[in-house]
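Please read these points alongside the sequence and the coordinates. They are arranged by region, so that each can be checked in turn.

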Amino acid sequence: MVLESFSASLRETIRKITGSTYIDKDTVKEVSKDLQRILLKADVNVKTVIQVTKELERRALEEKPPAGMAHQDYMVRIIYEELLKILGEPSNVKLKPQTIMLVGLYGNGKTTTAGKLARFFAKKGLNSGLIAADVHRYAAYDQLKQIASEVNAKFYGDQNEKDPVKLIKRGLEQLKDVPVKIIDTSGRDSMDAELFDEIKRIKNAIAPDEVLMIIDATMGQQAGPEAKAFNDAIGVTGIVITKMDGTAKGGGALSAVAEIHVPIYFIGTGEHMDDLEVFDPKKFLSRLLGLGDLESLFETVQEAEITEEEAQESFEKLMTGKFNLKDMYDVWEKFSKPGLMKKLVDALPLARIPGSQKIDDSKIQSAEDKLRMYRVIMDSMTFEELENPEIINAKRITRIARGAGVREEDVRMLLKEFKAMKNNMKMMKGNRGLKKMLQSNFRSGNFGLEDLGIKE
Ligand SMILES: Nc1nc2c(ncn2[C@@H]2O[C@H](COP(=O)(O)OP(=O)(O)OP(=O)(O)O)[C@@H](O)[C@H]2O)c(=O)[nH]1
Ligand SMILES: [Mg+2]
């Protein structure tokens, strides 16, 4: 994904800051120049780039970091805050029964997004019905029908009906027991009066709860005026920027759209039905900056089907230091899904650690291999051993190693790591304030930069 190279350069800049011994005028200038180059490359408009970097320079030189915060960290925080300003305010669909109308230009991804949204709602326990209201393109009916079956959504369409308003009204009636109704409308080559007339007529007739505009990221800064035109004409409640996976212009589209003050709800990151991400400016940015995003870490854990209760339970066990190998086995089992580790690592606050290396895929691979090996080792332990690892003596180690087909050192390493983890947790236990904060955040899933000391 092109965003990755953007992210890599930003992380490089952050590393430059956290790795420097002190922040002087030269460092500030250099960082500001780096940031200019990175933002321009991401297609953010020149005026915004200059505004951001000027403010960065001013604040970095004039402001004093709050007590206890290193100047380097404060500079990272300023970058974060200034970039956040160009991404707009977070907002999103509500998780309740509703009618959503999708609008946008030809080929921008409306029909695909209809399916992605149905899947998004399904994951939250809400079924969707898709209504094919693109009466102009003959193949549109089949395309949406196929997508609906792929995501297990209900479908309504009528290839003989040429009036979209009549069609939609019948569709809404048919699907009245389905909580979320998503209406796919037709696109045009360019903004024209006919298109606007049609979508205005639909909107007035059915009064949808949400009018989502679907915009292709490859439009870059041009996404701004397009969004403005649609918003002025029919009132847009939220925006989905698609094709963020394939373009260097994503930054241009995001910043230009945010400027017109219509919230960006989602970004599309691929052609598959799962390639839809909730757009949360804070999360998005901390991930780009490599500051770690514990909130999306939490989400990833949830995706791996760990319920909140399970997470809470594991957390409590971890915090009491009373967990045993079996608990660790359960957690690792969930974490050893292919690809999950990479997601987790991407979400962790690694880049903030001065001198830390970017964790590359081969390292992740070897961590995954190691976890897999540990699971094999644990598979050849008895229940008693898993519950009371203290009883594992040299004789037992020999037996376990043989059973798992690994070296005795590997078994010892596993036990050593387990012990270290337990000790760390015990040390944390002594810190009541820290425990309380972590626990309440853990429960609400509400981790943020604040927790990393970036915000006061
Ligand atoms: N890479 C990528 N491709 C996407 C994304 N969203 C949609 N597409 C592709 O873009 C093309 C057009 O998508 P559609 O969903 O048909 O667009 P549309 O707005 O419904 O088009 P019309 O109905 O013709 O106006 C398809 O090939 C999709 O697979 C995305 O987020 N990433
Ligand atoms: Mg379509």
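The points below go through the ligand site, the nonpolar core and several individual residues.

1. The structure is a predicted model, and local features are taken up here only where pLDDT is at least 70.

2. For Asn 108, a backbone N or O atom lies 3.2 Å from an oxygen atom of ligand 1. On its own, ligand 1 has 650 Å² of accessible area, and the protein covers 82% of that area.

3. The nonpolar core. The largest nonpolar core has 70 residues, and those with the most contacts inside it are Leu 83, Ile 168, Phe 230, Ile 239, Ile 241 and Leu 254. Helix H4, residues 71-85, gives the most to this core, with eight residues. Because domain 1 (2-85) and domain 2 (98-288) both give residues to the core, it lies between them.

4. Helix H11. How many of the nine residues of helix H11 are buried? Seven of the nine residues in this helix, which runs over residues 281-289, are buried, and the helix is therefore described as mostly covered. The buried residues are Pro 281, Lys 283, Phe 284, Leu 285, Ser 286, Leu 288 and Leu 289, a list that includes the charged residue Lys 283. At the start of H11, a side-chain oxygen of Asp 280 comes to within 2.9 Å of the backbone nitrogen of Lys 282.

5. Ser 186. This serine belongs to the loop that runs between strand S4 (180-185) and helix H8 (193-206). Its relative accessibility is 2%, so Ser 186 counts as buried. The side chain of Ser 186 is joined to that of Glu 198 by a polar contact of 3.1 Å.

6. Two residues with positive phi. Asp 43 has a phi near 75°, which is a positive value in a residue other than glycine, and its place is in the loop between H2 and helix H3 (46-62). Lys 243 likewise is not a glycine, yet has a positive phi of about 60°; this lysine lies in the loop between strand S6 (238-242) and helix H10 (250-259). Is each of them buried or partly exposed? Asp 43, at 17% relative accessibility, counts as buried because the cut-off for that class is under 20%, whereas Lys 243, at 34%, counts as partly exposed.

7. Thr 53 is found in helix H3, and with a relative accessibility of 1% it counts as buried. The side chain of Thr 53 reaches the backbone oxygen of Ile 50 at 3.3 Å. Ser 32, in helix H2 (residues 25-41), is also buried, at 1% relative accessibility. Although Ser 32 and Glu 55 are 23 residues apart along the chain, their C-alpha atoms are separated by 9.6 Å.

8. Thr 18 is part of helix H1 (residues 2-19) and counts as buried at 8% relative accessibility. Ala 223 has its place in helix H9 (residues 223-234), and at 0% relative accessibility Ala 223 counts as buried. From C-alpha to C-alpha, Ala 223 and Val 257 are 6.2 Å apart in space, while in sequence they are 34 residues apart.

Methods:
Residues numbered from 1 in each chain as written. Chains lettered and ligands numbered in written order. Predicted model: local features only at pLDDT ≥ 70, side-chain atom pairs only at ≥ 80, totals over all residues. Heavy atoms only, no water. Polar contact = N/O pair within 3.5 Å; in protein donor to acceptor, adjacent residues only side chain to side chain. Areas by Shrake-Rupley, 256 points an atom, 1.4 Å probe, with all protein chains shown as cover. Buried < 20%, exposed > 50% of the residue type's maximum accessible area, 1.4 Å probe, protein only. Helix = DSSP H or I, 4+ residues; strand = E, 2+ residues; numbered from the N terminus. Core = buried A, V, L, I, M, F, W, Y, C linked by side-chain atoms within 4.5 Å. Domains from an automatic or database assignment.
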